[in-house]
Amino acid sequence: MQAAATPRHGGLRSRRDVAADVIHVMCRAKEQRENRLMGMAGSGGATRRFATNYGMLGVLALLCLIFSWVTVQEQDRTGSDAAAYLARGLAHGAPKSSKILIVAKTGQEDARFADALEAALKQDGFRVAGKVQGGPREAKKALQEIADAGGGLDIIATTRECADWQVVAAAGQTIPALAGVKVSVAPAYTWPTFLKTENLLNVANQIVVIAVIAIGMTMVIITGGIDLSVGSLVALSAVVAAWLIARWGGEGATPAAMVLASLSAIVACGMVGLFSGAVITLFRIPPFIATLAMMLVASGLAFSLAQGQSIYQIPDSFTWLGRGADLLGIPNAVILMIALYAAAWVLMSRTVLGRYIYAVGGNPEATRLSGIRVRGVLLFVYVVSGLAAGLGGVVTASQLKSGAPTYGQMYELYVIAAVVVGGTSLAGGEGKVLGTLIGALIIAVIWNGMNLTHVESYTQKIILGMVILAAVLLDSLKTRSWPWRSLKPPAA
Amino acid sequence: MPTAPAVAKPLLVMEGIDKSFPGIRALRQARLDLYAGEVLALLGENGAGKSTLIKVLTGAHARDAGTILIDGRPAAIASPLDARRAGIAVIYQEFNLVPTLTARENIFLGREETAAGFLRRRREHAQALALFERLGVRVDPEALCRNLTIAQQQAVEIAKALGLGARIIVMDEPSATLTSQEVDRLFAIIRDLKGAGIAVIYISHRLDEIFEIADRAAVMRDGETIGTRAVKDLTRDDLIEMMVGRPIEKEFPKVAAPLGEPRLVVDGLSRAGVVRNVSFSVRRGEVLGLTGLVGAGRTEVARLIFGADRRDAGTIRLDGRTLDIRSPRDAIRAGLCLLTEDRKAQGLVLGLPVRENFSLPSLGRFSKAGFVRRRREREAFAAHARGLQIKVASDEAPTRNLSGGNQQKVVLAKWLESNSEVIIFDEPTRGIDVGTKYEIYLLINDLAARGKSVIMISSELPEVLGMSDRILVMHEGRLSGEITDVRGATQEQVLALAVG
């Protein structure tokens, strides 16, 4: 098997054109379906309700489809998987007497490759001349040693990446003693980069913080309010947690100290939420203003506590929450997010408190006159929002293994975007927690997909903004009608 | 028309108008003719097609079939702008005024007087004054609309219509929120408009007004025009029969329930500026009518009893027990309830499903450990829906989609479920059609028969006289009189007390 320079991006251009056609056709189909649904207005129907509640699920699926399509390319196998394929290929295609050198880079994945390959080749009866892990320099040294020893070499078994090194690819020409040596790599396979497990986990991991905060924000927005302080609370929480850990043992802090520090940070943010809620309910200050003020206050607190610096004196084990993956390889933070969404869904759809949250947002006066403590409900949602932002800050600190007052900047806007894309009305009274999760995923997928297709970061912002607008517009078409017709009064 | 008719030519003719919405035929072959200088009453129950017909006339809805002739010529009305150009103006119940602009700015909105792009405010001011003078009303053109009374805002709307050169003015329930003097003034304005050759289409549920102001009445039912007759040839019963489609024996089916001991006793109720030292009691099985002019403090009394506003002084006792009411929550727990006058703004969360509105005050009983038990909720609502004849496709339907009458019944079901002993109705039949009104009256009878105490606040004197066991009249925040012999009382007697 000779390593050939395969054009990795071959055919990508034309595939994108095809993708554009597919999008066009699918949008048309969606439009027609929605027109039909609007025609059935009044007759109700589970289909319509589903489309109204979870139409964004279709958008998410469509985005995944598009990004899968445009990122289809040859994928290199890595680790023990690559070793197994390579060993099998050699067992069938090379004489048993072959002398083989294994070349790989350093790092976990490459070590796994080298070890598994060595074991498999020995089992198959090949002669393993050596195992090199390092850069081109080490590879050259090993090859030279083999040539000097005069033992000859038949095959260099390596990874796709190392096969491209000059010393490896041209070993036969540059070292005369090794003329005729072949380079073997594991066969590549064709698969969308977007759908690779690492990438999907990456998408989930990137959005965890936004998605967790968006739970609280969804509740706040359903009551007809808004919470602009969440971004600053992320910073405050990360700084408080890091500062406490640094105080309580620094890099030698015990797990108990870390848990206590994290809880303190989360509770502190909950207190800020309580304060916002109290100002809003007792003095009837608009939520926009009250939480804008708390945004500045929280940010200032974070900066003065951290004295404008990042705090790094944190043990490695603190990254368990943000980077660890204990259950079936699913990141712990993603499991936390899923659990929180499940709890929030139950709260909003099955409990008395959830019902009250919707009622307060729909008509606070009618709700008060029905004997419900509207202020209590409002306090609750702002506290939840603060707690969620606090948790988001702890996760951020854990992911980055540090606490800095610059964390969470602009997060409030991404969080609000996720909530709105998820179908929650800023006017209050309606919205779905699971819709918010979908909204957050849509934003994450767009972000990730653009990174994979090498869209420039400035352009990414423009596209993301337009997509948010389009998503919200599409959603509003389902409940209203075409905007240029809504100028007329609705049918009586 | 080829041949000249002997009598006056109609100003407006609508003929064979069809309009369908998904799943419903709102208009079928509806007709309407209107002559210059007349007042045509347009009558019908809610859902009969009045609003749709008007919206077709004003271009808000496109008609499926039919012709509209103005001065005998086909008028192409496809948008509200076309209608405005054709001289048609509509004054809706909820005014289309911008509350933060002045009366003058509202009148000239969209057709400002300008010179080289600058506003000619003095010219506008003079024109606005002239319009108000023509209407015989005193409104400061520079007053912000939100500071005007409802009657004044209405005058601004009419002035706006006149300023646009309207020849046909449609008024949708113009008297619903006016006091009786204001209604008189409105009628004076309408008579002036008639004199100026302007045709008025007058939509109202109040039959008395029809006989006072209208020349002819057109009645609609199920999307069809049942008939158009001269008012002087009609009786009240004729009109009701045409609207409902069956003869109604009695407009107010009052049944006196046996009266028991006093249950709710209010003493010295006061709130600065609105309610002064109001004391009264309601007995078991009694329907107490509470009336007075708009702004006399009737609604405020109800809100104080219910804890919706904070009272400055006064005690409230129920069955001998003094109640410490500081919030609606306390009042509900004590067994009081208030069916507010404005159902949409205060009585219902319109976006929530009917079932969720129904259970809102009594959710505690439909839940366990904080979790809602939907099946019990559903069963309880179904029972009330049967008893109250609430017509709703599903208990999951958004409350917004229900008719006014059905919304009122949902509010009623909600309070019946929370086991209220004292039921305060504030304008129970406002905006509700004749047929449903009758059902609400039967329900009030039923509540009294079950031993509940009912306080019925109403501006409609026939209703107060027809349904109460006893009447209290308020004037400027005080109780100005009590009428115990309701059967022998007249509207004039009540009015005399109401004006102080």
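This is a predicted model: local features need pLDDT of at least 70, side-chain atom pairs count only at pLDDT 80 or more; totals for chains, interfaces and linings use all residues.
Biologist: What makes strand E2 (residues 99-104) and strand E4 (residues 155-158) of chain A a pair?

Modeller: Two strands pair if DSSP finds at least two bridges between them. E2(A) and E4(A) have four bridges, in the parallel sense. So they count as a pair.

Biologist: Why do strand E3 (127-133) and strand E5 (182-185) of chain A stand at the edges?

Modeller: Look at the whole sheet. Its four strands run in the order E3-E2-E4-E5 (chain A), open and with parallel pairing. E3(A) and E5(A) each have a single partner strand, so one side of each lacks a neighbour in the sheet. From one strand to the next, the twist averages 25°.

Biologist: Which helix lies across E4 and E5 of chain A?

Modeller: That is helix H3 (residues 79-93) of chain A, running at about 135° to E5(A). Axes are lines fitted to C-alpha atoms, for helices over the stretch in contact, and angles run from 0 to 180 degrees between N-to-C directions. Helix H4 (residues 108-124) of chain A also packs on the sheet. H4(A) touches E2, E3 and E4 of chain A, and its direction makes about 175° with that of E3(A).

Biologist: Why is Cys162(A) called buried?

Modeller: Count C-beta atoms, placed from the backbone, within 10 Å of the residue's own: 20 or more others make it buried, 12 or fewer exposed, and in between it is partly exposed. Cys162(A) has 27, so it is buried. Cys162(A) sits in helix H6 (residues 160-163) of chain A.

Biologist: Which residues does Cys162(A) touch?

Modeller: Leaving out residues up to four places away in sequence, they are Val103(A), Ala104(A), Lys105(A), Ala139(A) and Val168(A). Contact means C-beta atoms, placed from the backbone, within 7 Å.

Biologist: What makes the length of helix H6 (residues 180-195) of chain B close to that expected?

Modeller: The expected span is 1.5 Å times one less than the number of residues. H6(B) has 16 residues, and 22 Å is expected. Its first and last C-alpha are 23 Å apart, so the two values are close.

Biologist: Why is helix H19 (residues 433-452) of chain A called mostly covered?

Modeller: Of its 20 residues, 16 are buried. H19(A) also has a partner helix, H14 (residues 332-350) of chain A. Their axes come within 8 Å and cross at roughly 145°.

Biologist: Which residues in H14(A) and H19(A) meet?

Modeller: Tyr341(A), Ala344(A), Trp345(A) and Met348(A) in H14(A) meet Val433(A), Leu434(A) and Leu437(A) in H19(A). By class, this contact has seven nonpolar residues, no polar and no charged. Nonpolar means Ala, Val, Leu, Ile, Met, Phe, Trp, Tyr, Cys and Pro; charged means Asp, Glu, Lys and Arg; the others, Gly among them, are polar.

Biologist: How many residues does the contact take from chain A and from chain B?

Modeller: Chain A gives 29 and chain B gives 31. Helix H15 (352-362) and helix H16 (364-368) of chain A each supply at least two residues of chain A's side. The largest share, six residues, comes from H15(A). Chain A's side divides into eleven nonpolar, eleven polar and seven charged residues.

Key:
Residues are numbered from 1 along each chain as its sequence is written. Chains are lettered from A and ligands numbered from 1 in the order in which they are written. Two residues are in contact if their C-beta atoms, placed from the backbone, lie within 7 Å.
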